[in-house]
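I opened a new structure today and kept notes as I went. Here is what I looked up, entry by entry.

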Amino acid sequence: MSAIPEILERRARLLSEAEAQRRALSEGIGVCRSVLVVADRGIAWATWLRARPYLVVAAATAIAVLRPKLALEWSARLLTLWRVGRLLYDAVKPAAGDRRP
């Protein structure tokens, strides 16, 4: 009969540990929430822009006409970013292809 108090004591300890873990997890998720909200908004904007490529072209044309020096600087940066992205994609693509059944 002495096992029952030990079991009840262990149960109470486990319940308090579980509650502490739930609180810690909730706080950790709260910290990540703001980052996830920003990421979700970015994905939503990218999806919206991808559905309307004419807006991107219109904005790029307006910038090129109104601020040609700025457009030239950013076009060089974008070209470099594109080249690096393609290089990385080509480096990763063969490794991803090996995983397919």
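I began with the lining of the largest pocket and asked which helix gives the most to it. Helix 3 does, with 5 residues. I keep in mind throughout that this is a predicted model.

Next I looked up where the lining comes from. Helix 2 (53–66) and helix 3 (68–97) each supply at least two of its residues. I listed the residues that line this pocket: Ala-60, Ile-63, Ala-64, Leu-70, Ala-71, Trp-74, Ser-75 and Leu-78. I then sorted the lining by class and got 7 nonpolar residues, 1 polar and no charged ones. For the space inside the largest pocket, I noted about 160 Å³.

I turned to helix 1. It runs over residues 3–51 and has 49 residues. From first C-alpha to last I read 66 Å, close to the 72 Å expected at 1.5 Å a residue. I also looked for a bend. Helix 1 has a kink of about 35 degrees, centred on Arg-33.

Last came the aromatic rings. How many aromatic pairs does a search of the whole structure find? I got 1. The pair is Trp-45 with Trp-48, and their ring centres are 5.7 Å apart. Their planes stand at 80 degrees, so I logged the pair as edge-to-face, the class for angles over 60. Both residues sit in helix 1, 3 residues apart, which puts about one helical turn between them.

Trp-45 counts as exposed because its relative accessibility is 57%. Trp-48 has 37%, so I noted Trp-48 as partly exposed.

Technical notes: Residues numbered from 1 in each chain as written. Predicted model: local features only at pLDDT ≥ 70, side-chain atom pairs only at ≥ 80, totals over all residues. Heavy atoms only, no water. Helix = DSSP H or I, 4+ residues; strand = E, 2+ residues; numbered from the N terminus. Expected span 1.5 Å × (residues − 1). Bend = angle between axes of the 7 residues up to and from the residue. 1 Å grid on protein atoms, 1.4 Å probe; cavity = no way out; pocket = protein on both sides within 12 Å on 5 of 7 lines; lining within 4 Å. Points joined across faces, edges and corners; volume = space filled by probe spheres on them. Nonpolar A, V, L, I, M, F, W, Y, C, P; charged D, E, K, R; others polar. Phe/Tyr/Trp six-rings, centres within 6.5 Å; stacked < 30°, edge-to-face > 60°. Buried < 20%, exposed > 50% of the residue type's maximum accessible area, 1.4 Å probe, protein only.
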